[in-house]
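Morning, everyone. I have one structure for you today, and I'll walk through it piece by piece. Here it is.

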Amino acid sequence: MIKHATFVAEHVYDLPPVEVFSAWADPAVKARWSSGPADWSPRLDVDFRVGGLERYHSTPVGGPAHTIEARYLDIVPSKRIVYSYDVLLDQVRSLVSLATVEFVRDGPGTRLVQTEQVAFFTAEETAPFEQHMRDVLKSLAEELR
């Protein structure tokens, strides 16, 4: 049975939207904050444009190989990114998601709002997925410091 869920993660950054957005748009910068632990041997290829693909592959020590393929559906610089992606664990599709990332001016900084509508195909718990969303936004905050 498919389990559907919607998750929202927010983070406020001390930089204007153009700078937070650029950390998503620049493939080298994105690789630093979004690829996970170095001991997973991550590989990230990004074609950041509407219709472009982003491919991620890594293998955690003792864990299943993670493969993610995303397609950018809508990009409005410094405003929003919309993309869909699927996650395969050892080549078994575990979920698909529609994600939106909004960059909203918040005083001198930016409130980033990431919303994901996810269909889970395996019996895994959803709490680790939600925690991962928050952890990635914290990694972005560390990158932007």
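Which residue in strand 6 is the bridge partner of Val87? It is Leu95. Hold on to that pair while I set the ground rules.

This is a predicted model, where local features need pLDDT of at least 70, side-chain atom pairs count only at pLDDT 80 or more, and totals for chains, interfaces and linings use all residues. Residues are numbered from 1 along each chain as its sequence is written, and side-chain values use heavy atoms, with hydrogens and water left out. Helices (H or I, at least four residues) and strands (E, at least two) are DSSP runs, numbered from the N terminus.

Now the sheet. Seven strands make up an open sheet, and their order is 1-7-6-5-4-3-2. The pairing is antiparallel; two strands pair if DSSP finds at least two bridges between them. Strand 1 (3-13) and strand 2 (43-46) are at the edges. Each has a single partner strand, so one side of each lacks a neighbour in the sheet. From one strand to the next, the twist averages 15 degrees. Angles here run from 0 to 180 degrees between N-to-C directions, and axes are lines fitted to C-alpha atoms, for helices over the stretch in contact.

Let's go to strand 5, residues 80-89. Buried or exposed? Seven of its 10 residues are buried, so strand 5 is largely enclosed by the rest of the structure. Buried means under 20% relative accessible area, exposed means over 50%, and partly exposed is in between (1.4 Å probe, protein chains only).

On one side of strand 5 is strand 4, residues 66-76. The two pair antiparallel over 10 bridges. Tyr72 has Tyr83 of strand 5 as its bridge partner. His66 stands opposite Leu89 of strand 5. Strands 4 and 5 form a hairpin with three residues between them. In that turn, Ser78 has a positive phi of about 65 degrees.

Strand 5 also pairs with strand 6, residues 92-106. Again the strands run antiparallel, joined by 10 bridges. Back to our opening pair: Val87 and Leu95 are bridge partners here. This hairpin has two residues between the strands, and Asp90 takes a positive phi near 50 degrees.

Next, charges. Side chains of opposite charge can pair when their charged atoms come close. A salt bridge here is a side-chain nitrogen of Lys or Arg within 4 Å of a carboxyl oxygen of Asp or Glu. How many salt bridges does that rule give? Nine.

Take Asp74 and Arg80. Their closest N and O atoms are 2.5 Å apart. Asp74 is partly exposed at 25% relative accessibility, and Arg80 is partly exposed at 39%. Then Arg93 and Asp86, at 2.9 Å, N to O. Arg93 is partly exposed at 40%, but Asp86 is buried at 15%.

One more pair is Glu130 with Arg134, at 3.7 Å between the closest N and O atoms. They are four residues apart in helix 3 (residues 127-144), about one helical turn. Glu130 is partly exposed at 28%, and so is Arg134, at 35%. There is also a network: salt bridges with shared partners join Glu10, Asp106 and Arg111.

On to the helices. Helix 3 lies across strand 1, strand 5, strand 6 and strand 7 (109-120). Helix 3 runs at about 20 degrees to strand 1.

Helix 1 (residues 17-25) packs against helix 2 (residues 27-34) at about 85 degrees, with the axes 6 Å apart. That makes the two helices roughly perpendicular. The cut-offs: under 35 degrees is roughly parallel, over 145 roughly antiparallel, 65 to 115 roughly perpendicular, and the rest oblique. Helix 1 contributes Ala23, Trp24 and Ala25 to the contact, and helix 2 contributes Pro27, Val29, Lys30 and Trp33. Contact means heavy atoms within 4.5 Å.

Last stop, Ala23, in helix 1. Ala23 is buried, at 2% relative accessibility. What does Ala23 touch, leaving aside neighbours within four places in sequence? Val29, Lys30, Trp33, Leu140 and Leu144. Ala23 and Leu140 are 117 residues apart along the chain, yet their C-alpha atoms are separated by 7.8 Å.

That's the tour. Over to you.
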